[in-house]
2 protein chains.
Amino acid sequence: MSDIRQWREAADLLRLLGHPVRLALLEGLSKAPKCVTDIQDLLAVRQANVSQHLAVLRQAKIVDYHEDGNLRCYYILRPGLVRDLMRLVGREYPCKARTPAQVRRAAGARRSRSSAQPATA
Amino acid sequence: MSDIRQWREAADLLRLLGHPVRLALLEGLSKAPKCVTDIQDLLAVRQANVSQHLAVLRQAKIVDYHEDGNLRCYYILRPGLVRDLMRLVGREYPCKARTPAQVRRAAGARRSRSSAQPATA
DNA sequence: CAGTAGTATTCGCATATTCGAATCTTCGTG
DNA sequence: CACGAAGATTCGAATATGCGAATACTACTG
């Protein structure tokens with residue numbers, strides 16, 4: 001479990017979700033589908049910018065839309081993801097400080113690298 | 001709930017977590033506390049870079065450390081947060097596509113903005 | 001005290017992200 | 001068909017992020 005590449009996808013997802021407008025967008029959409037102009041109106045963000053953020057969320061398969069005449073009604077494509085996301089960012093996670101002794105014991109006998117093998121390189 | 005500023009903190013948190021090295025770091029630390037050199041060795045990332053990422057996580061109060069002589073043993077300061085985070089990025093969230101009719105109905109009667117009330121502003 | 005291992009910090013560059021302005025497309029209506 | 005409204009896309013500039021190299025700092029050891 002030391003390969004960093006396996007975390008790239010998860011990191012991309014988190015980074016993409018980590019934008020205030022996109023979070024507000026997701027919360028708004030999680031209540032009901034909305035068209036771009038409604039969102040623009042609701043969030044006080046310019047239309048082009050709303051479209052840009054929606055495009056990002058759409059590429060990530062987090063939202064999708066249906067066309068209704070001239071309008072595009074966006075909705076949450078993965079409600080479970082958004083729900084869990086909102087819980088994560090909404091919850092308070094208290095700090096659980098450990099004592100030096102606890103940490104030292106949990107760290108095991110691994111002192112330094114004095115006995116390190118040259119690895120695979 | 002249309003104020004974007006209230007999402008800034010959450011967005012900052014997600015963005016900060018959205019980095020492959022930091023995720024790998026958190027997973028490694030969630031198994032046991034480790035010192036910087038151990039991590040550097042485990043993840044094949046340069047020492048300065050490990051320190052940089054750890055500094056970010058420390059400022060966000062996600063990790064902390066205790067000094068053990070010359071070493072700094074880092075540990076997860078908010079295990080609940082990291083646990084839920086790992087669950088979120090580890091789980092599969094299936095796409096729940098809606099039909100146009102479903103979306104239109106859920107969107108309510110809000111067609112466009114033609115009949116928009118001036119809101120509370 | 002000199003040397004060294006462990007770690008942090010600073011600096012600079014390369015790359016990525018964000019956003020506004022402008023433009024383009026499409027659909028509906030008269 | 002002309003026009004306007006809804007929305008997407010492109011482009012460029014400002015800002016942020018990531019990382020390596022170099023360096024500084026500190027606590028042990030001899």
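Predicted model: local features only at pLDDT ≥ 70, side-chain atom pairs only at ≥ 80, totals over all residues.
**Entry 1: relation of the chains**

I started with how the two copies are related. Two copies of a chain are related by a rotation about an axis and a shift along it. I superposed chain B on chain A and got a rotation of 180° with 0.0 Å of shift along the axis, at an RMSD of 0.1 Å. That is therefore the relation of a two-fold axis. I then asked which residue of chain B comes closest to the rotation axis. The residue is B:Arg15, with its C-alpha at 2.2 Å. I also compared the contact residues: 100% of those in chain B recur in chain A, so the same surface serves both copies.

**Entry 2: the interface**

Next I looked up the contact between the chains. I find 58 residues of chain B in contact with 58 residues of chain A. Which elements of chain B give two or more residues to the side that touches chain A? The helices on this list are α1 (8-17), α2 (20-31), α3 (36-43), α5 (79-90) and α6 (100-106) of chain B, and the strands are β2 (63-68) and β3 (71-76) of chain B. I sorted the residues on this side of chain B by class and noted 34 nonpolar, eight polar and 16 charged.

**Entry 3: α3 and α4 in chain A**

I turned to helix packing. Two packed helices are described by the angle between their axes and the distance between the axes. For α3(A) and α4(A) I have an angle of about 110° and axes 9 Å apart. Angles of 65 to 115 degrees count as roughly perpendicular, so α3(A) is roughly perpendicular to α4(A). Their crossing is right-handed. On α3(A) the contact is made by A:Val36, A:Ile39 and A:Gln40, and on α4(A) by A:Gln47, A:Val50, A:Ser51 and A:Leu54. I count four nonpolar and three polar residues in this contact, and no charged ones.

**Entry 4: α3 and α4 in chain B**

I note a right-handed crossing for α3(B) and α4(B). B:Val36, B:Ile39 and B:Gln40 of α3(B) meet B:Gln47, B:Val50, B:Ser51 and B:Leu54 of α4(B). The contact holds four nonpolar, three polar and no charged residues.

**Entry 5: α2 and α4 in chain B**

The angle between α2(B) and α4(B) is about 75°, and their axes are 10 Å apart. That makes α2(B) roughly perpendicular to α4(B). From α2(B), the residues B:Val21, B:Arg22 and B:Leu25 meet B:His53, B:Val56 and B:Leu57 from α4(B). By class I have four nonpolar residues, one polar and one charged.

**Entry 6: DNA strand D**

Last, I looked at what lies around DNA strand D. Which element gives the most? It is α4(A), with six residues. I logged the classes of the surface near DNA strand D as eight nonpolar, eleven polar and four charged.

Note on methods
Residues numbered from 1 in each chain as written. Chains lettered and ligands numbered in written order. Contact = placed C-beta atoms within 7 Å. Helix = DSSP H or I, 4+ residues; strand = E, 2+ residues; numbered from the N terminus. Nonpolar A, V, L, I, M, F, W, Y, C, P; charged D, E, K, R; others polar. Axes fitted to C-alpha atoms, helices over the stretch in contact; angles between N-to-C directions. Parallel < 35°, antiparallel > 145°, perpendicular 65-115°, else oblique. Left-handed = near helix turned anticlockwise from the far one by under 90°. Least-squares fit on C-alpha atoms with pLDDT ≥ 70 in both.
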